[in-house]
Each structure stands twice: as structure tokens, then as C-alpha cells.
Amino acid sequence: MRILISALFIIGALLPAAAWSQSPPAFCTMWGSGGSGQGQFNAPIGVAVDATGNVFVADWNNNRIQVFTGSGGYITQWGGYGTGPGQFYRPIGVAVDASGNVYVSDTYNHRIQKFTHSGGYITQWGSEGTGPGQLYYPAGVAVNVNGNVYVADKDNNRIQVFTSSGGYITQWGSYGTGPGQFCVPHGIAVDASGNIYVADTDNNRIQVFTSSGAYITQWGSSGYEPGQFWWPFALAVHAGGHVYVSDNGNYRIQVFTTSGGYITQWGSYGSGPENFLQPTGVAIDASGNVYVVDANNNRIQKFCYETGTRVPALSPFGVLALVLTVGAAALVLMRRKLGTKVV
């Protein structure tokens, strides 16, 4: 009996990864309102966080990039409507490399612009078209550890890869629903191993590729159940291996393993904390805090995993382990009360 009891307690101790599913992060803070002033937004879309925790937001209809502290304090901005260097026409994507350089998908100008950390113009590349190196309404942008720039070339239904200075490297994808095909891909992210995750928006799925574009896997379908999507817009990959997806039409954030296993979700329609009106961009800082662009509420919401406050949710396996463990303990107490020898 002691062996059985010990085994059950060991099972309960060793099951956390399989038996406990992660709870959503808690609401921390939010900032922003509709307008064109400092710290205000007009349909913001993209977001990125640098190594020090500063938050960069692509303020779409204000044609600018705004920069904030991790708690929402305004730092700076740059841009303005136009076609010249440093100007924008409805920018969607933003990414920051390891050196602090900022890459912006200047969507309606069909180009990528590169800036210093403080907004100084460095270079640009792209023009309207379908050829290699040309772009047609580019959306998401991501940078890997080697400095290569991955662009979701949205209306060309492909991914293009460039050097950090804009030199064309490769591309993959075409219009369709098969593996490696896309229908208006918006979001793109890179994990620590260099794998590429694409929010294949109108196909309501996430696709995963190697750094050179070889197909690995996919998950998702149209719907509102856990693991289903209605217009997945953007995504971010945490260093711990979780993939956060802004499920735009379902007004929620969903979290998955890197192989597509559903973990948790949060959000609903509305304007209060933890509510969303068209969540678009999503980013994660080094501490695991999650930043969501709540586009039609013209604000950024921050969600935090604070030490000691995460409450795990039991999966069916966890319930079974708990029942067995508690049952074994109750059996021991009952036998002791009745004077039965426990062997």
C-alpha cells in the first residue's frame, strides 16, 4: 500500500506540464485614446517591444510610429503622411532587431523602411509589384537573430526574405489553401530556433516554416471554438515556446504550443479592460508580458504574468491525478482510524 501511495504522490508531482494548463495573464494596464496627439491613436495596428522593454506602435491612420515605456509613458514619435524617406502611408508592421534598429512595413507605399532606435532614417526598399523584392501591400515584418528581415507580402500571398539592408534573399508562397499557400497573410513571427510562423489570415490558420521556407505544420480552421479562428491577424512567439495569436474577429487572444496545441485564451467583445474591439498586433517582452493593440478602442492593453499570482487550471489529466492522490490519502487516514495496519 505504501508503494501505491508513494507512486500516486509521485504522479501528482510529475504531471504539471501535462496536467496543468496555463491560465491567461492578468490585466496590468492600458493606455491610449482616439486622436492625433502624443499618446493618442487612430486605428493602431502593429506593435513591437525592444530588449529594454520599450514599446513601438504603428499608428496606422496617423501615419507614424509612437514609442512608449512598458507602462505606457510616452517617449517619442516619428513619421507623417507622405512618400518621402521617413514618411508613411498607413504603416502596419513594426519590428526591432537585436541592435535596436526599427523596421516598418509602409504598407500603402509598398515598401519597408529602416530606422535607428530613435527614429533616424537609415534606408528603404521595395516598390509596388509582383517581382522578387517588390511588394504589394506588405503587412507583418519580423527579424531573426542573424538580422534577416521576413515580410508578409500580403496581397502577393507570399513571404519574402531580405538582408538587414534590403538585399533580396528568397521567397515562398502563392495564393491557395494548400500547405505553404496563403490567402492574405498578415502576421509573421520568428522563434528562437529560427522557425517562421505566419498568420494566414483569410485561411483562418497558422502555418509554420523553416527559416528557408520549408513547410513544417499548420493548425486552425474557421470558427469560434478553442483553436479555431476568425481572421487571425498577428502573432508573437515567447522564448518559452508559446505562440500568442490575435484572433481578430473573435475578439480574443489565443495561446498555443509551437506545434499548435491549444493552451488558453482571453478576451471578449467590448471596451473594458480585457475586452477588445478588433485586436491586431501582439508582442511579448523579455519578462513574458503581453502587449495587445486594441485597434478600434484606440489603445494598447498590457497583460502580465506576475510571480506568485498565476493560477493554473486543471486539465482532465490533472483532475485524475488529484482525485487519485486525494483518494489514496483518504484511504490511509481511514485505515488508521479503524486500526488497520498500513503495509
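## A tour of strands, pockets and a core

Start by selecting strand S20, residues 242-247: 5 of its 6 residues are buried, so the strand is mostly covered. Here buried means under 20% relative accessible area, exposed means over 50%, and partly exposed lies in between, using a 1.4 Å probe and protein chains only. Strands (E, at least two residues) and helices (H or I, at least four) are DSSP runs, numbered from the N terminus.

Before moving on, note that this is a predicted model, where local features need pLDDT of at least 70 and side-chain atom pairs count only at pLDDT 80 or more, while totals for chains, interfaces and linings use all residues. Residues are numbered from 1 along each chain as its sequence is written, and side-chain values use heavy atoms, with hydrogens and water left out.

**Stop 1: the neighbours of S20**

S19 and S20 run antiparallel and are joined by 5 bridges; two strands count as paired if DSSP finds at least two bridges between them. Click on Pro-232 and you will find Asp-247 of S20 opposite. The two strands form a hairpin with 4 residues between them, and Gly-241 in the turn has a positive phi of about 105°.

How many bridges join S20 to S21? There are 6, and these strands run antiparallel. Val-245 stands opposite Gln-254 in S21. This hairpin has 4 residues between its strands, and Tyr-251 takes a positive phi near 55°.

**Stop 2: the largest nonpolar core**

Select Tyr-244, Trp-266, Val-282, Val-290 and Val-292. Of the 20 residues in the largest nonpolar core, these touch the most other members. A nonpolar core is a set of buried Ala, Val, Leu, Ile, Met, Phe, Trp, Tyr and Cys residues joined through side-chain atoms within 4.5 Å. S19 gives the largest share, 3 residues. In soluble globular proteins, nonpolar side chains tend to be buried together.

**Stop 3: the largest pocket**

Next, select Val-49, Val-96, Val-143, Val-190 and Ile-284. Of the 49 residues that line the largest pocket, these are the closest to its centre. The pocket has a volume of about 1,200 Å³. On a 1 Å grid over the protein atoms alone, a pocket is an open set of points with protein on both sides within 12 Å along at least five of seven lines, whereas a cavity is a set where a 1.4 Å probe fits but cannot get out; lining residues have an atom within 4 Å of a point. Grid points are joined across faces, edges and corners, and a volume is the space filled by probe spheres set on the points.

By class, the lining has 28 nonpolar, 17 polar and 4 charged residues. Ala, Val, Leu, Ile, Met, Phe, Trp, Tyr, Cys and Pro count as nonpolar, Asp, Glu, Lys and Arg as charged, and the others, Gly among them, as polar.

**Stop 4: the second largest pocket**

Select Ile-45, Trp-60, Ile-92, Trp-231 and Phe-233, which lie nearest the centre of the second largest pocket among its 16 lining residues. Its volume is about 220 Å³. The lining divides into 9 nonpolar, 6 polar and 1 charged.

**Stop 5**

Then show S15, S16, S17 and S18, an open sheet of 4 strands with antiparallel pairing. Its edge strands are S15 and strand S18 (215-219). S16 (196-200) and S17 (205-209) pair over 5 bridges, and the bridge partner of Ile-196 is Phe-209.

**Last stop: two asparagines**

Select Asn-204, in the loop between S16 and S17. Asn-204 has a positive phi of about 50° although it is not a glycine. Is Asn-204 buried or exposed? It is buried, with a relative accessible area of 10%.

Finish at Asn-63, in the loop between strand S4 (55-59) and strand S5 (64-68). Its phi is near 50°, a positive value in a residue other than glycine, and Asn-63 is buried at 9% relative accessible area.
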